[in-house]
Amino acid sequence: MSTTESTANKSDSSLDNKNTPPVLPTQLQPVQPQEFRHHNFADMELFLRKYSSEFPAITHLYSVGHSVEDRELYVLVISDNPKVHEHGEPEFKYVANMHGNEVVGRELMLNLIEYLCRNYGTDPEVTSLVNNTRIHIMPSMNPDGYEVATEGYNGRNNSNNFDLNRNFPDQFVTITEPKQPETIAVMNWLKSIPFVLSANLHGGSLVVNYPYDDNKEMVTQYSQCPDDEVFQQLSKTYSQNPMMHNGHPCENLYKNEYFTEGITNGANWYNVPGGMQDWNYLNTNCFEVTIELGCVKYPWAKDLPGYWEQNRRALLNFIHQVHTGVKGTVSDISDGTGILNATISVQGIDHNITTALTGDYWRLLTPGTYSITASAHGSGPFGLLKFPIVQQESMATPLLEPSCFLNLLPFYVSIMAKIQRSLEYVSAYYKT
Ligand SMILES: [Zn+2]
């Protein structure tokens, strides 16, 4: 019997109890995934092809390259215009199974694909997420490792026996191991799409790990990045599930390991030189965290429904985070065209981001008041804006209220006249 069935039975038997909160009619509840089993490469490929052909309007299946043994590194996009970047719409990604023997993420990604596709057009949350976000899902970054994986260590590395999460260029250490085909493919992929937010799904513990993952001294201590607050907020969004939030996950394996609120700075746990999340942050506009989904890396298939149940809310909430902070467009006042590669700086945070092809940008921020500057082509700063980001009430509400930037409009106009460039905020922040 599945968990869903047992819950349904429970609520049926308690219908007479007047204290029971009203249960939504079955037809209004989102459809839960039905396919809970382990998928080897051939099965996974079939699954992805099935969903891309059954839901052509909202999916696009592509490959970013090949593994050592020539398997495709598949990505399924789910969005209302899946094949193109829409101006102003943020790009989000999940990458799973980078360690071939950590398989829960891979199956959760297939569950998520099923959930998003089957509920699009009927469930308001799914419909809004899919319409307003371009969601890229890579269920396996290490398909070769998976094929030989067992519980334990087998299959962790790629087919050349390199650990892919130690294979990216590092800010403190020179990585001497040859860059692997999977690593190169992912690096090129991340350079080709203006990703804003990402999570890298692993197994072996139960915690959200955020940058930096290492430090110069290679010692276990907090290695703070300029966006530490943002990363803590992002991590806590995911760690809200009760088991992770508890923060003492694998008692049998690591008796003395505690993670306050289920999150940890990477280097404060252990040093990971050459990791993927830091490379994202330091070389692209993408903020990535690493999520450890459970103490067991390769659980029995019968346990998979439980993992979905435990993670489904967190997986959706984390995608919603791509709509927090501030977003907008930098454009040339003479002809209105967007400016590529303009720099967006936030005073007090030593980490700039740049605009995408049509001048659009997304800057993840925690609630607060910020001075934000845009500059382009060596012209120096041409806009200094101050506005508050209000506390988010619900996950789907944008942080930036329309009134905040309407009030600022006259200010923009004066800047435009002076420097012949405009800095404009998109007023329809969250399309309905
Ligand atoms: Zn791992």
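**View 1. Glu 292 sits in strand E8.** Strands here are DSSP E runs of at least two residues, helices are H or I runs of at least four, and both are numbered from the N terminus. This is a predicted model, where local features need pLDDT of at least 70, side-chain atom pairs count only at pLDDT 80 or more, and totals for chains, interfaces and linings use all residues. Residue numbers start from 1 along each chain as its sequence is written. The unreviewed UniProt entry puts the feature "active site" at Glu 292; such annotations may be inferred rather than shown by experiment. Why does Glu 292 count as buried? Because 25 other C-beta atoms lie within 10 Å of Glu 292, and the cut-off for buried is 20 or more, with C-beta atoms placed from the backbone (12 or fewer is exposed, in between is partly exposed). Setting aside neighbours within four places in sequence, the contacts of Glu 292 are His 202, Gly 203, Gly 204, Ser 205, Leu 206, Val 207 and Asn 209. A contact means C-beta atoms, placed from the backbone, within 7 Å.

**View 2. Eight strands make an open, mixed sheet.** The order runs E1-E2-E4-E3-E5-E8-E6-E7, where pairing takes at least two DSSP bridges between two strands. On average, neighbouring strands are turned by 25° against each other, direction ignored. Helix H7 (residues 228-239) packs on this sheet and touches strand E6 (205-210), E7 and strand E8 (287-294). The direction of H7 makes about 30° with that of E8; axes are lines fitted to C-alpha atoms, for helices over the stretch in contact, and angles run from 0 to 180 degrees between N-to-C directions.

**View 3. Strands E2 and E4 run antiparallel.** Look for Val 77, which stands opposite His 136 in E4.

**View 4. Helix H3 packs against helix H11.** H3 (residues 104-119) and H11 (residues 304-320) meet at about 65°, with axes 10 Å apart. That makes the two helices roughly perpendicular, a label covering 65 to 115 degrees (under 35 is roughly parallel, over 145 roughly antiparallel, the rest oblique). H3 brings Val 104, Glu 107, Leu 108, Asn 111, Leu 112 and Tyr 115 to the contact, while H11 brings Leu 304, Tyr 307, Trp 308, Asn 311, Arg 312 and Leu 315.

Key. Contact = placed C-beta atoms within 7 Å.
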